[in-house]
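Trainee: Could you show me how to read a structure like this one, feature by feature? Let us have a look at it together.

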There are 2 protein chains.
Amino acid sequence: MTKTAPVMINGFDPAKLASLPERERRLIERRQALLGPSYRLFYEEPVHPVRGEGVWLYDAEDNAYLDVYNNVPSVGHCHPHVAQAVAKQALVLNTHTRYLDENILNYAERLLATFPEEITRVMFTCTGSEAVDLALRVARHYTGGTGIIITENAYHGVTAAAVEISPSLGPNVPLGQHVFTVPAPDPANANGRDVGEVLAEEVEKAIAFMMRHGIRPAAFIADSIFSTDGIFPDPAGFLQKTVDVMHAHGALYIADEVQPGFGRTGTHMWGFERHGIVPDIAVMGKPMGNGIPIAAAVMKAEVQDRFGRDIRYFNTFGANHVSIAAASAVLDVIRDEKLMENAAATGHHMLEGMKRLQQQFACVGEARGAGLFLGLEFVKNRESREPDGALALAVVNGLRRKRILISASSPYGHVLKIRPPLPFKREHADIFLESLAAVLTELA
Amino acid sequence: MTKTAPVMINGFDPAKLASLPERERRLIERRQALLGPSYRLFYEEPVHPVRGEGVWLYDAEDNAYLDVYNNVPSVGHCHPHVAQAVAKQALVLNTHTRYLDENILNYAERLLATFPEEITRVMFTCTGSEAVDLALRVARHYTGGTGIIITENAYHGVTAAAVEISPSLGPNVPLGQHVFTVPAPDPANANGRDVGEVLAEEVEKAIAFMMRHGIRPAAFIADSIFSTDGIFPDPAGFLQKTVDVMHAHGALYIADEVQPGFGRTGTHMWGFERHGIVPDIAVMGKPMGNGIPIAAAVMKAEVQDRFGRDIRYFNTFGANHVSIAAASAVLDVIRDEKLMENAAATGHHMLEGMKRLQQQFACVGEARGAGLFLGLEFVKNRESREPDGALALAVVNGLRRKRILISASSPYGHVLKIRPPLPFKREHADIFLESLAAVLTELA
């Protein structure tokens, strides 16, 4: 397998500024002046939504954009049940965890009930990054180790500790000195072997390397769908051996559920469940409050006890009443609107359609996914599987011109990252598939 | 000056569980089971509010508690203007910064207009901890240094990088290896010298120490009111020399405005303005959205440019539309209800009353503060200034029995930390002062 240089998928090219309409140009100039160069826009022609509803975003001219990408508004943009819960709570009470409160405990019970029985504790933060950051602190305190193992193009957040385990941020953001990478579990790279066995071997090698250098392992952390690595969900179960290796060395497995969690994979509430494993710590964020900031780390009691005996934790906005109200309403909607069942059904329909495109277009290397977390891989050549990030970028911008919002992932930017809001129906999948076929035909 | 052992002010003592009413006991047991030992409650008899309004919290029996402590609901608990802005926005649009949006830019302009003209950039996060964490990344990237200088009992947040500069979390949370402390600017410890000169000398010594050990300084970070050190606001201007020292060594001054910011000191929107200085970076959080999670780091353009050229930054919930709507409404209320003027006037009235208590009670060492950020120091002996943390704790719990919410700070827990919501009026100050006098009389 030959690989080409990475393609940046997020970067709006400022050289194209002059070609944009006056209003957008002015907004981009203000943005650059006020927010500065760290902030990146999606697409050659950035999108400017002013309203959202369900799986749709709308611009000022009321043009509708089909959202096939955003996993934060997981139960649908501006879902009225969540918005009303927020509106009601904001008028009643909004304080913190140093007073007694029943709402937070009721939600904690509901949330923990969705996890395997070994997971009995929850600590609340505001963002997935904070939850990852806290999970690292807890894992290092519990194990006494410092070494962390991640996949080669992982992304786990934006705090200083989280960027140290996020190689997808690129070479200007160095990994932590006690952070070690293993290749992502890509079956195409397993040379016909069991992908889980290969991963476990790589993890074993990383542990041997760190121990040879006097570093004790603390944890392996991964999202079970390997989102930024290129989306590798299959075969379900392949993570078991890696978890065994970590435990054999007294280290932990942290499930990063920020992306696969809250029912997205359709068959299970949590991504790790597809693998039949139980994490020591699981972190969650993005879809938890449907856009209202709330996140959490759940864990086994013995893991948290050791941390909690020594170290107090207070997160000012963590589990504030308004965020808890939003999170609780999200669980209502997932249940009442049968969004997991929908994710499974629509996801299946989508994957079938994507596989038809694979037959039709030689540039499609593979279609894969679980529920409404799917990847479509573009290659220059099916035999060599050489990634075609430039084509994926052209597809992303081509779909945007058709008002369909999507992005791409992998180290080469060559895999469409398909993770729409969960109320995404068969009819929406068909719009996406037809538009994708049209764009691929145009580009061919 | 002799000092006694620290007194933990936050710890609810589980041994007292049996003495509590059934309902509270049950809630505490559920809390311990679900959230675990890292979570601490305020007061011997924890408070259980179910409703908030203005400067008041109410329990299930509709007993009113005067809030003299919470700085997050800065414009008042559940302020209707903020709650309505949140309710309205949650139904319209709530996305992120990779699409174009006008609301965020309008707010960014409003916020930056409250800063000196050198500060032209803003980066949004969800919590003050994330803002501090980002400020450290930016400062280290800009200067190429790693050394950070803080005061001895500082608190700056809960991410891994923020706890490394938060000695107030206690001995179980080690400081970072490139983190160095200087004594807080306590005029009582200055031996008659200028407190700003003493602080600058200590900072100069810390820089010499780190450079002798091959560590280049990156930043001095402090909240200008030295909240967890025991509240040292005076004399205004004393920080100037320290800022000059940092700049002379190519390092930065980061103003932690999480506590003094957004008008609390009455005379100025930002705490550093009282000192007539301009920070290179300022971080803010708690009161920014009146409880809706939003925080930010603002900075000079040249500081951010160097970071932003190399490193992209995306915070999923940072500057989401709902949080921006809340933050914008907070600025409206500060302006429309003249809350800064109120903070100055009520703060002055409060400080006068506290000084009368100082005359009346020998245990009161000093009353000090700026606007509605005040401290009342308890001592065993006025000559030696020996801190009396046990008395402060008794006062905190005594006031709680009178349904007045307050806490204490300093390494010895001997300084009442007085920072109520900003709509706190003269009549509320009088309730607090009378109750405080009654508690002190009871305890005498």
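**Reading strands, helices and the contact between chains**

Mentor: Let's start with one pair of residues: Tyr58(A) stands opposite Ala64(A) in strand S3 of chain A. Before going on, keep in mind that this is a predicted model, where local features need pLDDT of at least 70 and side-chain atom pairs count only at pLDDT 80 or more, while totals for chains, interfaces and linings use all residues. Residues are numbered from 1 along each chain as its sequence is written, chains are lettered from A and ligands numbered from 1 in the order in which they are written, and side-chain values use heavy atoms, with hydrogens and water left out.

Trainee: Thanks! In which sense do S2(A) and S3(A) pair, and over how many bridges?

Mentor: The general idea is that strands of a sheet pair through backbone hydrogen bonds, either parallel or antiparallel. Here S2(A) and S3(A), residues 64-67, are antiparallel, with 3 bridges. DSSP must find at least two bridges for two strands to pair; strands (E, at least two residues) and helices (H or I, at least four) are DSSP runs, numbered from the N terminus.

Trainee: And what joins S1(A) to S2(A)?

Mentor: Strand S1 (residues 49-53) and strand S2 (residues 56-59) of chain A run antiparallel, joined by 4 bridges. Arg51(A) has Tyr58(A) as its bridge partner in S2(A).

Trainee: How do S9(A) and S10(A) pair?

Mentor: Strand S9 (residues 281-284) and strand S10 (residues 295-300) of chain A are antiparallel over 4 bridges. In this pair, Ile281(A) stands opposite Met299(A). Contact means heavy atoms within 4.5 Å.

Trainee: How should I read two packed helices?

Mentor: Two packed helices are described by the angle between their axes and the distance between the axes. Take helix H11 (residues 389-401) and helix H12 (residues 426-443) of chain A: their axes come within 10 Å and cross at roughly 125°. H11(A) and H12(A) are therefore oblique to each other; angles under 35 degrees count as roughly parallel, over 145 as roughly antiparallel, 65 to 115 as roughly perpendicular and the rest as oblique.

Trainee: Which residues meet there, and of what class?

Mentor: Among them, Leu391(A) and Val395(A) in H11(A) meet residues in H12(A) including Phe432(A) and Leu436(A). By class, the contact has 9 nonpolar, 2 polar and no charged residues. Ala, Val, Leu, Ile, Met, Phe, Trp, Tyr, Cys and Pro count as nonpolar, Asp, Glu, Lys and Arg as charged, and the others, Gly among them, as polar.

Trainee: What is the angle between H6(B) and H7(B)?

Mentor: Helix H6 (residues 195-212) and helix H7 (residues 240-248) of chain B pack at about 25°, with their axes 7 Å apart. That makes H6(B) roughly parallel to H7(B).

Trainee: Where does Pro235(B) lie?

Mentor: Pro235(B) is in the loop between strand S7 (217-222) and H7 of chain B. The peptide bond from Asp234(B) to Pro235(B) is cis, with omega near -10°.

Trainee: Finally, how many residues does each chain give to the contact?

Mentor: Chain A gives 99 residues and chain B gives 99 residues. The size of an interface is often given as the accessible area lost when the parts come together. Here the two chains bury about 8,600 Å² between them, 60% of it on carbon and sulfur atoms; this buried area uses a 1.4 Å probe and is summed over both parts. Tyr99(A), Leu100(A) and Arg312(A) supply 11% of the area that chain A buries against chain B, more than any other three residues.

Methods: Axes are lines fitted to C-alpha atoms, for helices over the stretch in contact, and angles run from 0 to 180 degrees between N-to-C directions.
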